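Hi everyone, thanks for coming. Let me put the chain up on the screen, and then we can walk through it together.

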Amino acid sequence: MKDYIFLSGIHGVGKTTLADRINEVYPIYKKSVSDLIRNAGKRIEENDKSTSDINNNQLLWKEELNRFPLKNKILMLDGHFSLLNEENEVVPLPFETFEGTNMKKIILKKEKPIIIQERLKNRDNMNYPIELINCFQLLEEERANLYAEINSIPIFTYDHDDSFSKLIKFIKE
């Protein structure tokens, strides 16, 4: 199984933007769990954040991860510790989701719920209530920290730009 840094955060928090910014100063391979699931042949709409068949999706991305070629760069895999199910309820992913993978570090990306709400509205034409976004982000943070603690994985919470140099140092260590 490939070693990777897990970039965690809810939809619209800015994971892709952060990964792009990291890649500008420290070359990485960037992939998302959703991309790996799509590579496995499953159709996932980019603007639909409600997830069906959550358990099968978790098997698909792990299979695809093993096929991903690495050439002396760090793999940064963006994904989630919790998701919205088909009823738009926030649900934690079981930690077994990550069994058999080599997660080496976790970066938890956070943002103000009002900013996330606006991004999702503009990007995906979805208007999620602030309460749902707040609940989603709180559960994501709780799950990321608990997983890191249980598995003795270093975690870095990134919630503002003035800690970017600290984040790069965390990645390089």
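Before I count anything: helices here are DSSP runs of H or I with at least four residues, strands are DSSP runs of E with at least two, and both are numbered from the N terminus. With that in hand, the order of elements from the N terminus is β-α-β-α-β-α-β-β-β-β-α-α-β-α. That gives 6 helices and 8 strands in the chain.

Now a word on where this comes from. This is a predicted model, so local features need pLDDT of at least 70 and side-chain atom pairs count only at pLDDT 80 or more, while totals for chains, interfaces and linings use all residues. Residues are numbered from 1 along each chain as its sequence is written, and side-chain values use heavy atoms, leaving out hydrogens and water.

How confident is the predictor? pLDDT is its confidence in each residue, from 0 to 100; the chain has a mean of 88, with 89% of residues reaching 70 or more. Residues 47-52 fall below 50, and beyond near neighbours in sequence that stretch has 19 contacts in the model, a contact being heavy atoms within 4.5 Å. Where pLDDT is low, the predicted coordinates should not be read in detail.

Let's go inside. Of the 173 residues, 48% are buried, meaning under 20% relative accessible area with a 1.4 Å probe, protein chains only; over 50% is exposed, and in between is partly exposed. A nonpolar core is a set of buried Ala, Val, Leu, Ile, Met, Phe, Trp, Tyr and Cys residues joined through side-chain atoms within 4.5 Å. The largest one has 21 residues, and Tyr-4, Trp-61, Phe-81 and Met-103 have the most contacts inside it. Elements supplying at least two residues each include strand E1 (3-8), strand E4 (74-79) and helix H5 (130-151). Apart from that core lies another, of 15 residues, among them Leu-7 and Phe-170.

Which residues does Met-103 touch, leaving aside those up to four places away in sequence? They are Tyr-4, Phe-6, Phe-81, Phe-98, Tyr-147 and Ile-153.

Strands pair if DSSP finds at least two bridges between them. E1 pairs with E4 in the parallel sense over 4 bridges, with Ile-5 opposite Met-76. Strand E2 (residues 28-32) also pairs with E4 in the parallel sense, over 5 bridges, and there Tyr-29 has Leu-75 as its bridge partner.

Methods
pLDDT is the predictor's confidence in each residue, from 0 to 100.
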